[in-house]
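Biologist: Please take me through one part of this model closely. Start at a loop and follow the chain from there.

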Amino acid sequence: MALLAGALVAAAALAVFFLRSDNGGSGEVFLQSASAEGTDPFTASTAKDTGGQATAAPTAPAATGASGTRTVQGSAPGLYGGTQNVSSCDVDRQTGYLTEDQTKARAFASAAGIEPGDVPEYLRGLTPLQLRADTRVTNHGYRSGSATAYQAVLQAGTAVLVDDRGMPRVRCACGNPLGPPVATKGTPEPKGKAWRAYRPGEAIAVVPAGAAMDVMVVYDPRTGQWFERPVGTRGDSDSPTSRPSTGTSPGPAPSSTAPSSPAPSQSSPSPSVSHSSPPPSPSPKAPGPAYGPAARPGARP
């Protein structure tokens, strides 16, 4: 009975999450390539390692759940990539950009669900990595002193800052805070220029790990090797590790210009994929109001 009650509560929470019409669930999903600054960036780019060594999305078929997006748990080995001993993002510069402008700091904090004074500590606690799959998120632009939310797909290879549950929280090419995606109204309408390897059914959504992690198990596409990066570090504490026996499945080989129809290869594993719908964000605050690069009348933080 207790298990049944718990399942019903979880199902109700997911239903509320996916039926929300705010937080950018307008039906539009904006495509953002790995190096593009995008519209209404919070800051100048602090990305240091993006795009060229991206791997394609996992090879499992698309989900048929409420979100239409496959999910991967944040703790999955190989979910993120990077170069051993190299940070994908300049965290100090990102911190400086936001702390120099208190209006931006307040807007960033509102979207991230933290207090404005906690922004430096929050950023320094995140881990710089790269997405290894095209990834659905709620992105946030900065306009007229406020954070505004919209749905986006970030290209594999995008430099991001990741929290200790494996959730992407900042896009380094623009300094925008990120949250988990929300359902769109009807069939999502892609906006912007698609990259060659983009396939709507291959995008993933990251769901938080069941517990906070101490290390992230990362795949280095340049060498084909695996390494561990302690959470909150920037590459200086990386250590080699063996290929995980679980949590990965074969995926396309890394390429700077991924083929239009990727073929499986054992040389570049991709994260395992589940077919459940993403749960709500663990952040204490939901992302900001609906927004797209074209301003929406009446949108307020």
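**From a loop into the strands**

Modeller: Ser 144 sits in the loop that connects strand 5 (135–143) to strand 6. Strands are DSSP runs of E with at least two residues, helices are runs of H or I with at least four, and both are numbered from the N terminus. The model is predicted, so local features need pLDDT of at least 70 and side-chain atom pairs count only at pLDDT 80 or more, while totals for chains, interfaces and linings use all residues. Residues are numbered from 1 along each chain as its sequence is written, and side-chain values use heavy atoms, with hydrogens and water left out.

Ser 144 has a positive phi near 55° and is not a glycine. Most residues other than glycine have a negative phi. Ser 144 counts as exposed because its relative accessible area is 72%. The cut-offs are under 20% for buried and over 50% for exposed, with partly exposed in between (1.4 Å probe, protein chains only).

Go on into strand 6 (residues 146–154), which holds Tyr 150. Here the rings matter to our reading. Rings of Phe, Tyr and Trp (its six-membered ring) pair if their centres lie within 6.5 Å; planes under 30 degrees apart are stacked, over 60 edge-to-face, and the rest tilted. That rule gives six aromatic pairs. One of them is Phe 30 with Tyr 150, edge-to-face, at 5.5 Å centre to centre and 85° between the planes. Phe 30 belongs to strand 1 (residues 28–32), 120 residues away from Tyr 150 in the chain. Both Phe 30 and Tyr 150 are buried. Ring pairs also join Phe 42, Phe 108, Tyr 122 and Tyr 142 into a cluster.

Ser 33 is partly exposed because its relative accessibility is 24%. Leaving aside residues up to four places away in sequence, Ser 33 touches Gln 155, Thr 158, Arg 171 and Trp 195. Contact means heavy atoms within 4.5 Å.

Next comes strand 7 (159–162). Ala 159 and Leu 161 are buried on one side of strand 7, and Val 160 and Val 162 on the other. Two strands pair if DSSP finds at least two bridges between them. Strand 7 runs antiparallel to strand 4 (residues 127–131), with four bridges. Strand 7 is also antiparallel to strand 8 (residues 168–171), through three bridges. Strands 7 and 8 form a hairpin with five residues between them. In that turn, Gly 166 has a positive phi of about 85°.

Strand 7 also meets helix 2. The buried residues of helix 2 pack against strand 7, helix 3 (102–112) and helix 4 (119–124). In helix 2 (residues 91–99), these buried residues are Val 91, Gln 94, Thr 95, Gly 96 and Leu 98.

Now the wider setting. The chain has four helices and 16 strands. Of its 301 residues, 50% are buried. Among contacts between residues at least 6 apart in sequence, 76% join residues at least 24 apart.
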